[in-house]
Amino acid sequence: MAQLWGGRFTKQTDQMVYDFNASISFDKRLFNQDIEGSIAHVIMLAKQGILTGEEKDSIIKGLTGIRSDVENGSLLITSKYEDIHSFVEANLIERIGDAGKKLHTGRSRNDQVALDMKLYIRSEVLTVTEHLKGLLETLFRIMEENLTTYMPGFTHMQKAQPTTLSHHMGAYFEMFKRDVLRLHDIYKRMNYSPLGSGAFAGTTYPLDRAYSAFLMGFEGPTLNSMDSVADRDYLIEFLSALSTIMMHLSRFSEEVIIWNSNEYRFVEIDDAYSTGSSIMPQKKNPDIAELVRGKTGRVYGALVSLLTTMKGLPLAYNKDMQEDKEVTFDAIDTVKKSLVLFTGMLETMKFNVKTMEVSAMKGFTNATDAADYLVNRGVPFRDAHGIIGQLVLYCLEKDTSIDALSIEELKAISPVFESDVYDAVSLKTCVEKRLTLGAPGQKAMEEVLRINREFLDQLWINEDKSPDK
């Protein structure tokens with residue numbers, strides 16, 4: 001058992017207690033961040049005269065050597081160590097001797113793990129943003145190519161008014177754009193370094209916390225050492241943002257599943273993103289959409305788990321906080337895989353344009369426009385609403401549509417109708433005359449595409465283009 005705290009104890013920790021307490025099985029994921037934070041800490045200690053230049057160089061050489069050996073597989077991170085911090089420090093001391101024992105000067109595992117998690121999450125925020133950008137680019141292409149692809153729009157899962165595939169995809173573009181902006185905000189809010197906070201009360205060593213923060217690309221140091229080691233708000237915010245991303249993906253998946261059904265046939269999912277049935281040879285199942293929908297609950301669970309862990313903790317650090325990692329790591333992995341696979345499915349999906357247009361024509365989606373036609377000819381809206389209701393009832397009895405009725409049939413219900421009504425209730429007219437910004441008309445959508453192209457071109461996806469640079 002490799003421990004950093006054995007001096008006060010007179011006998012070994014029970015093996016079951018040790019195993020229950022250990023975090024190496026999952027916090028080994030923080031290996032690179034632990035090395036990065038340690039190097040910044042050592043450079044700062046030397047700058048402050050706490051370490052000699054020779055000690056600094058020796059420690060940095062040892063740390064980079066450990067990192068290289070882990071990366072090439074010649075050094076394994078094993079359960080021999082309690083956590084990633086003890087692994088790094090024990091191997092450093094073994095390699096460079098007593099100088100390695102000075103690595104931990106002026107810090108605690110409390111501020112060390114807080115730093116490691118912040119560095120890790122900061123990087124993952126950018127990675128998730130990059131995956132979102134890929135999805136947004138795919139949505140943008142579909143929008144651009146389908147400005148006049150007509151389809152029914154729905155409320156209450158019933159056909160309501162005609163729209164376009166471009167407009168429908170644009171709704172999801174806005175959702176995922178908000179997700180990107182949420183991640184942007186989280187990055188800015190969390191980008192302060194807890195290193196140098198010690199166990200919770202700082203240290204008597206003359207540390208330059210602003211300098212070590214600068215070395216790691218932080219905006220600056222945190223301002224309360226107690227909060228620094230006890231803060232997991234940024235994780236809760238990140239898990240909340242991930243949950244919202246999954247909620248959006250799940251809504252989208254639900255529509256893909258419906259559109260893929262025999263009853264709709266709006267889309268055909270590529271074979272690479274589908275599976276079949278072991279008993280029914282005709283089946284082509286939308287498994288990726290279903291799994292994304294199902295895994296949404298898993299990410300929600302991570303958020304609720306951490307909220308529950310944190311809700312009763314007194315200041316400052318408590319061992320309960322170790323429970324922040326496994327659920328967060330799992331949620332991050334789930335969201336990244338979901339985004340990549342969903343984007344791939346969407347990129348290769350075929351839209352059955354004619355089927356969508358016929359569906360829009362058959363669902364009385366032009367009823368509102370027929371009522372507007374009457375209003376524009378002096379009929380009070382409430383009366384027009386009643387007339388069109390009678391018209392729809394007549395069409396249902398005859399199994400037909402408004403635009404398929406003869407002018408005599410239309411006049412029998414209201415003499416106000418004239419032959420120009422057919423143009424007024426056509427899908428093209430119903431869509432194209434809606435030109436307010438945000439509506440499905442082509443000119444309105446072209447302006448939205450211009451705005452969204454500008455958003456995508458300015459979107460940061462790496463440290464150099466981060467919100468604080």
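## Exercises on a predicted model

Alanine 424 is found in helix H17, which covers residues 421-424.

**Exercise 1. Work out whether alanine 424 is buried or exposed, and which residues it is in contact with.**

Step one: look up the relative accessibility of alanine 424, which is 14%. Step two: hold that against the cut-off, where buried means under 20%. Alanine 424 therefore counts as buried.

Step three: leave aside the neighbours within four places in sequence, and list what alanine 424 still touches: Asp369, Tyr373, Thr429, Cys430 and Lys433. Step four: pick a partner from further along the chain and check the spacing. Alanine 370 is 54 residues away in sequence, yet the C-alpha atoms of alanine 424 and alanine 370 are separated by 7.3 Å.

**Exercise 2. Find how many aromatic pairs the structure holds, then classify the pair of tyrosine 120 and phenylalanine 329.**

The count first: there are nine aromatic pairs. For tyrosine 120 and phenylalanine 329, the ring centres are 5.2 Å apart and the planes stand at 70°, so this pair is edge-to-face. The cut-off behind that step is an angle over 60 degrees.

Now place the two residues. Tyrosine 120 is in helix H6 (residues 109-145) and phenylalanine 329 is in helix H12 (residues 324-348), so their pair ties together parts 209 residues apart in sequence. Last, check burial for each one: tyrosine 120 has 6% relative accessibility and counts as buried, and phenylalanine 329, at 3%, is buried as well.

**Exercise 3. Say what kind of pair tyrosine 172 and phenylalanine 252 form.**

Take the two values in turn: 3.9 Å from centre to centre, and 5° between the planes. That makes the pair stacked. On the helices, tyrosine 172 lies in H7 (residues 165-190) and phenylalanine 252 in H10 (residues 233-259), so the pair links parts of the chain that are 80 residues apart. Both tyrosine 172 and phenylalanine 252 are buried.

One more stop for rings: a single aromatic cluster is made of Phe154, Trp259, Tyr264 and Phe266.

**Exercise 4. Step back and describe the protein chain as a whole: how many helices and strands are there, and what is the radius of gyration?**

Begin with the elements: the chain has 19 helices and six strands. Then the radius of gyration: it is 30 Å, while a compact globule of 469 residues would come near 23 Å. The C-alpha trace spans about 100 × 50 × 40 Å along its principal axes.

Next, burial: 49% of the 469 residues count as buried. As for contacts between residues at least 6 apart in sequence, 75% join residues at least 24 apart.

Finish with surface and charge. The accessible surface is about 22,200 Å², and 52% of it belongs to carbon and sulfur atoms. The chain carries 53 positive and 66 negative charges, whose mean positions are 2 Å apart.

Key
Residues numbered from 1 in each chain as written. Predicted model: local features only at pLDDT ≥ 70, side-chain atom pairs only at ≥ 80, totals over all residues. Heavy atoms only, no water. Helix = DSSP H or I, 4+ residues; strand = E, 2+ residues; numbered from the N terminus. Rg over C-alpha atoms; globule rule 2.2 N^0.38 Å. Buried < 20%, exposed > 50% of the residue type's maximum accessible area, 1.4 Å probe, protein only. Contact = heavy atoms within 4.5 Å. Areas by Shrake-Rupley, 256 points an atom, 1.4 Å probe, with all protein chains shown as cover. Lys, Arg positive; Asp, Glu negative; His and termini not counted. Charge placed at Lys NZ, Arg CZ, Asp CG, Glu CD. Phe/Tyr/Trp six-rings, centres within 6.5 Å; stacked < 30°, edge-to-face > 60°.
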